[in-house]
Amino acid sequence: MKLSVWTYEGPPHVGAMRVATAMNGLHYVLHAPQGDTYADLLFTMIERRNHRPPVTYTTFQARDLGSDTAKLFRDACQAAYERFKPQAMIVGASCTAELIQDDPGGLGAALGLPIPVIPLELPSYQRKENFGADETFLQIVRTLAKPTDRSARVSCNLIGPTALGFRHRDDITEITALLNDMGVEVNVTAPYGATPADITRLGTAHFNALMYPETGESACRWMERTLGQPYTRTIPIGVGATKDFVEEVAALTGCEPRLDSDRLRLPWYSASVDSTYLTGKRVFIFGDGTHVATATRIAREEMGFEVVGIGCFNREMARPIRALAKDIGVEALISDDYLEVEARISNLAPELILGTQMERHIGKRLGIPCAVISAPVHVQDFPARYSPQMGVEGANVIFDTWVHPLVMGLEEHLLHMFREDPEFNDAAGPSHHAHGAKQVSDAPDPVGAQIIWLDEAERELRKVPFFVRGKARRNTEAFAEARGDSQISVETLYEAKAHYAR
Amino acid sequence: MTTPGQISKGCTQTPVLRERGQHEVFCGLTSIIWLHRMMPDSFFLVVGSRTCAHLLQSAAGVMIFAEPRFGTAILEETDLAGMSDAQDEIDREVDRLLSRRADIRRLFLVGSCPSEVIKLDLAKAAERLNARYAPKIRVLNFTGSGIETTFTQGEDSCLAAMVAAMPSSDTAGLVIAGGLPDVVQDQMLDLLDRIGVKDVRLLPNRSSDEEFGIGPNTHVAFVQPFLGETYDILVRRGAHPVSAPFPFGEQGTTAWLKAIASRFGISSDHVDAVTEPARLRARKAVAQASEPLDGKRVFLLPDSQLEVPLARFLSRECGMELVEVGTPYLHRDLVGCDLAQIADCPTLSEGQDVEKQLDRVRAARPDLTVCGLGLANPLEAEGLATKWAIELVFSPIHFYEQAGDLAGLFARPLRRRAMLQVAAE
């Protein structure tokens, strides 16, 4: 058992729902008790979908436990087929139904419905939401996709976008346009917006563009093996990655590596002098593996930040994230425990957090600015406006999003120079944020409580800008402790500063 | 206007449509989200799966970031292998939790579907932990599983467990059963005090120090209609329930107060005299807020068991026409008085087959549909105005001062539709 308050991922059947809800003409019959329908509201409320997810729940109750639940399941399948007339169905069990061992796959197949009924094996007590989505999509593709002739023109499939995906809707638009510019047609986008009939046509494409490894990699591997379609490894988030993606597509297809960068503004915005103050800003990055890896590259190469820590919650991506961390000389945090993430952030005291909804709240608590780069996200990150992460426009969106929570350059100077003034005192915070936001606590750590700050040193510390003051205090205390000093003078403060100087 | 008593039977004799099929409702675990706030010295530990944790997180929204006093001990593969192991695991997790949270005086072990299907004996665990932590911490258990409980029934199940653990007592007094927001609770205590009812005990009590006994001289009034199991166990322990409509709206509140007053030998005239200003205020507020509701047709889908008393309020005080009143469970001992006051009998349904029920909604095309969040946006997209029901559980809606707000909650979707000039596709 593991005590948990916040979970980064839902159970695997929610992943299956993300695939089913993304598609049209597919229906999911889920063997589940009353209450599991709560997941519907993720789609109707957070993603604001205007229809119910295509999921039928058997809603078994305590009094059904016994022989009845299997019949309940068969009846639910039959009724769902007759009511919705889907092109294909997926059937499976939620965590509770997994325990009662009714075998939804076998029961579904035995009904003899005139459509494919695809059984799902989703181990609820070992795996999570992303696995559920990846595995469900793999099973759908395995069952329905068949080798076919390639299209006359160069075409590809966009693989991986699902319902409840972070910016999937707009990433599809952006990447479709980018590929069209190169003369590559999109054959099928799946699972987002695809029908089971579309899945049967996957083999027509010349290659697959894998947009999100978390939810599409297994299917891409299977198609590579079985349909002979190569797939792209670069995730086009960020300017450099988008260019690499274009090169990769060109190499796969023989097309010109053309990228229309007329509207690309990140490089100039980042080069303009207003952005100089961004240099070396200390950033901590957490989220799903894909978004963390791409954000790390953007942060270092395109924004000029210093990445002080990275991590991901999905252990499927642990290996690449560990390798990347090693490359850039930081420690990777692979954990789905938000308390560990909070401890790491508080320890590193970054100036900016790039993370999920949860890191947003950690940031709020610690008084550190944060921008959201990855699911899980709340309703505000399914925006009405066009806001991709991928491609050229994605890079523009990312620049704005990441810079926005930071204190602006000039403002930072003013805060520093006139910090005794009422308008620019430390507690005032960024001008464009609500007043009263908590700032980084620079109160002494309990650990360092035995080390005494001399008055003069304490006054000197107050001159350090508030957003790095906590870090300065901690570093100085650690430095003093290592030297065996019991008190901190101005001297100690500056020696510590020199010691930690980059 | 009809007064209570003129309609003797109302829709108590109306045949109930009982349905069985897909239920689009929350399970009882959801109750923890408001229960933990009403009992600030308590922690709710769900023993369940990742689904349970995800449900609590999704239903609690941003509340989850406020260091809530609830959590889920997520069962893992190894817990499913051997049962003795699971009991040790519970002890270990509880020890860890209690060492971190010194302020906890009551711990609730909450059963879920997985824990019940594998027959994990939480009663035994509670007993063992009680022996270990008594008298500092009281450990109780109840079920919030979806196979046993629907949404607000989780509170019922929790309160019933609390009643079972209460000492016996011959002391006379009134117990008010059902959780309420603080502000509403204070208003209620003030009203009872002013009509002359003293020594009121609250269930749930805010702190374990406010422990009280139950016995043959206990009278119980209910402020929430979903407390069937609590009702039964209180009656078994000798308590005397007060039959009354629920205190929604001016009429409901007045009738509720009068029923209690009569139990304690206080005259109806005295209640009228004490409550007159509040009644006038409430009537005026309801009249104002319910203006868009007058003559409109409403369809209530099953959710919280609040449906019957709310339907009574909507039809009698807001002038709405009831199309169908659905409830997950119809407990006639509790909502009988409300049923008796619903005049023109609508369809009454208990349980749910959501697809068939939606067919009835579409056929009837009501002016307002009261439903859960999984259905609200899809129905709006079909052009049907909805009021999402969960808000009715979280918002202060009881008694005189909230009567106008209660009508306002139903009126807002209709006012909004009247205001919006751009059509949604």
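How much accessible surface does chain A have, and what share of it belongs to carbon and sulfur atoms? I looked this up before anything else, keeping in mind that the model is predicted. The accessible surface of chain A comes to about 20,100 Å², and carbon and sulfur atoms hold 52% of that.

**Chain A overall**

I went through the secondary structure of chain A and got 20 helices and 15 strands. Its radius of gyration is 26 Å, close to the 23 Å that the globule rule gives for 502 residues, so chain A is as compact as a globular protein of that length. I also took the spans of the C-alpha trace along its principal axes, and they are about 85 × 60 × 40 Å. Of the 502 residues in this chain, 61% count as buried. Then I checked how far apart in sequence the contacts reach: among those between residues at least 6 apart, 72% join residues at least 24 apart.

**A:Asp134**

Where does A:Asp134 sit? I found it in helix 6 of chain A, which covers residues 129-144. Which side chain of opposite charge is nearest to A:Asp134? That is A:Arg221, 7.0 Å away. A salt bridge needs the atoms within 4 Å, and A:Asp134 has none, although this residue is buried.

I then looked for what else is around A:Asp134. A polar atom of its side chain lies 3.2 Å from the backbone nitrogen of A:Glu217. Leaving out residues up to four places away in sequence, A:Asp134 touches A:Pro213, A:Glu214, A:Thr215, A:Gly216, A:Glu217 and A:Ser218.

**Cis peptide bonds**

One joins A:Ala375 and A:Pro376, with omega about 0°. A:Pro376 is in the loop between strand 13 (370-372) and helix 16 (391-403) of chain A. In chain B, the bond from B:Leu203 to B:Pro204 is cis, with omega near 5°. B:Pro204 belongs to the loop between strand 7 (200-203) and strand 8 (218-222) of chain B.

**Positive phi in chain B**

Most residues other than glycine have a negative phi, and I wrote down two that go the other way. B:Gln305 is not a glycine, yet its phi is positive, about 70°. I placed B:Gln305 in the loop between strand 10 (297-300) and helix 12 (307-317) of chain B.

B:Arg365, also not a glycine, has a positive phi of about 40°. Its loop runs between helix 14 (354-364) and strand 13 (368-371) of chain B.

Is each of these buried or exposed? B:Gln305 counts as buried, because its relative accessibility is 3%, while B:Arg365 is partly exposed at 43%.

Terms used: Residues are numbered from 1 along each chain as its sequence is written. Chains are lettered from A and ligands numbered from 1 in the order in which they are written. This is a predicted model: local features need pLDDT of at least 70, side-chain atom pairs count only at pLDDT 80 or more; totals for chains, interfaces and linings use all residues. Side-chain values use heavy atoms; hydrogens and water are left out. Helices (H or I, at least four residues) and strands (E, at least two) are DSSP runs, numbered from the N terminus. Buried means under 20% relative accessible area, exposed over 50%, partly exposed in between (1.4 Å probe, protein chains only). Lys and Arg count as positive and Asp and Glu as negative; His and the chain ends are not counted. A polar contact is a pair of N or O atoms within 3.5 Å; within protein, one must be able to donate a hydrogen and the other to accept it, and residues adjacent in sequence count only if both atoms are side-chain atoms. Contact means heavy atoms within 4.5 Å. The radius of gyration is taken over C-alpha atoms; the globule rule is 2.2 Å times the number of residues to the power 0.38. Accessible areas come from the Shrake-Rupley method with a 1.4 Å probe; for residues, only the protein chains shown count as cover.
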